[in-house]
Structure formats: structure tokens, C-alpha cells
Amino acid sequence: TSAGVAQDLCLVYELGYGSLDKMLTDDEKAIGLSCKVRVRIAAGVSRALNYLHCHDPRACAFHRDVKSANIVLDLALSPKLIDCGLSKFVPDQNSHGTIMSTRGASLGTPGYMCPTYLRTKTFDTKSEIYSLGMVLVELLVGRVQGVGEANDLFGIYIDDESPISDDLDMRAG
């Protein structure tokens, strides 16, 4: 095309089973998420975050909205981390890059956001690992944070120190 002429763009996704949160809340689909598959999902999401955090030697990139709704499973039940709309590249403090951000606003999904981040408004690797931890709890108990009657998984298993072993998802086998 000639200069100055807009091109049509499209985003293409692989055909798959859908998001992890939908799989966990559907009894029929959750049976397909065996223990082995759940461990593979956890490892895949961990690798994706490690890539974001460590790939560029100049600085980290943060997803900033890690949750089961932003993890989709392809036909091989391999996880893909999607929806990078809140992602942020944080250049080394010695570089002269520009950071686009919203001052004073905590960005992310309630229930998956690190309490320290909410209090300090400072997002770092630990903030993202907190969100990953919430996804790991979801994989273990087969419930989604913020959905259903007992929807505060952090409150149940961390604050109240309820043993997670009593609530493991039996659909995983």
C-alpha cells in the first residue's frame, strides 16, 4: 500500500476450549482438567510471566491483570496468557525511557490484586506473583475468585488459614 493509507488489521487467536475460569466453573469441562493438566497450566503461566519479567535484560514487563479469565486453553489444553491491555514495560531507572501510567490508580481486577500494591500503589514482580498465586489456588480448589458463595479464596485459605487439602477439586481425579 502507499504511504498514508490505513491498512486493515486483525487479531487472530487459536481455536481452543476457552478461558480457564469458564473451564473451572463448568463441571463437564472441569473433568478434562486432570491434576497433570492443571500442573501443566500452572507451569505454562509461570513460564509466560518469567518471560515477561526476565526476557529483556534492560527491564521487566508486567502483565498487571493475571487471572483465570485471562488464561485461555488451546486444543492441547496448553495455556495462553491473553489480554495485555494493562501491561506495562518498566525500563531500567538509569535509562531515559518514558513510562505511560495513571498516577494514583490501582489497575487490575479486584480479588487478584496484591494488598501491598493496593496500599502502596507500587507494582512490582511480587504483585504479579500474588495474582499468579490466586490462579494456583483456583486450580487446586476448582473454584474461581469472586464467583459463587465462598468467593473470597484469599480470605478462606490465607487469612483464615483453612486447610486447602480439605477442599481440593475432586473433578481433577
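Two strands pair if DSSP finds at least two bridges between them, and in this predicted model Gly16 has Asp74, in strand E3, as its bridge partner. Helices here are DSSP runs of H or I with at least four residues, and strands are runs of E with at least two, both numbered from the N terminus. On that basis the protein chain has 6 helices and 5 strands, which follow one another along the sequence in the pattern β-α-α-α-β-β-β-β-α-α-α.

Residues are numbered from 1 along each chain as its sequence is written. Because the model is predicted, local features need pLDDT of at least 70 and side-chain atom pairs count only at pLDDT 80 or more, whereas totals for chains, interfaces and linings use all residues; side-chain values use heavy atoms, with hydrogens and water left out.

**Confidence**

- The mean pLDDT of the protein chain, where pLDDT is the predictor's confidence in each residue from 0 to 100, is 82, and 79% of the residues reach 70 or more.
- Among the elements, helix H1 has the highest mean pLDDT at 95, while strand E5 (residues 88–91) has the lowest at 48.
- Over residues 89–102 the pLDDT is below 50, although this stretch still has 18 contacts in the model beyond near neighbours in sequence, a contact being heavy atoms within 4.5 Å.
- Where pLDDT is low, the predicted coordinates should not be read in detail.

**Burial and contacts across the chain**

- Of the 173 residues of the protein chain, 35% count as buried, where buried means under 20% relative accessible area, exposed means over 50%, and partly exposed lies in between (1.4 Å probe, protein chains only).
- Among contacts with a separation of 6 or more, 58% are accounted for by residues 24 or more positions apart.

**The sheet**

- Strands E1, E3 and E4 form an open sheet of 3 strands in the order E1-E3-E4, with antiparallel pairing.
- Strand E1 (16–19) and strand E4 are the edge strands, each of them pairing on one side only.
- Neighbouring strands of this sheet are turned by 25° against each other on average, direction ignored, with axes taken as lines fitted to C-alpha atoms (for helices over the stretch in contact) and angles running from 0 to 180 degrees between N-to-C directions.
- E1 and E3 pair in the antiparallel sense over 3 bridges, and 3 bridges likewise join E3 to E4, which run antiparallel.
- The bridge partner of Ile71 is Leu81, in E4, and in the hairpin of E3 and E4, which has 4 residues between the strands, Leu77 takes a positive phi near 60°.

**Helix H3**

- Helix H3 (residues 35–54) has 20 residues and reaches 28 Å from its first C-alpha to its last, close to the 28 Å expected at 1.5 Å a residue; the expected span is 1.5 Å times one less than the number of residues.
- The buried residues in H3 are Val37, Arg38, Ile41, Ala42, Gly44, Val45, Leu49 and His53.
- These buried residues pack against several elements, including helix H1 (20–25), helix H2 (27–30), strand E2 (59–62) and helix H5 (125–141).
- H3 lies across E3 and E4, and runs at about 30° to E4.

**Cysteines**

- The structure holds 0 disulfides, a disulfide being a pair of cysteine sulfur atoms within 2.5 Å.
- The sulfur of Cys60 has its closest cysteine sulfur in Cys54, at 6.4 Å, which is too far for a bond.
- Cys60 counts as partly exposed because its relative accessibility is 22%, whereas Cys114, at 11%, counts as buried.

**Individual residues**

- Ser68 is found in the loop between E2 and E3, and it counts as buried because its relative accessibility is 1%.
- Not counting residues up to four places away in sequence, Ser68 touches Ser19, Leu20, Asp21, Tyr112, Val135, Glu138 and Val144.
- Phe154 lies in helix H6 (residues 153–159) and, with residues up to four places away in sequence again left out, touches Tyr130, Met134, Gln145 and Asp159.
- Phe154 and Val137 are 17 residues apart in sequence and 8.5 Å apart in space, C-alpha to C-alpha.
- Asp166 has its place in the segment after H6 and is exposed, with a relative accessible area of 59%.
- The C-alpha atoms of Asp166 and Val141, which are 25 residues apart along the chain, are separated by 9.1 Å.
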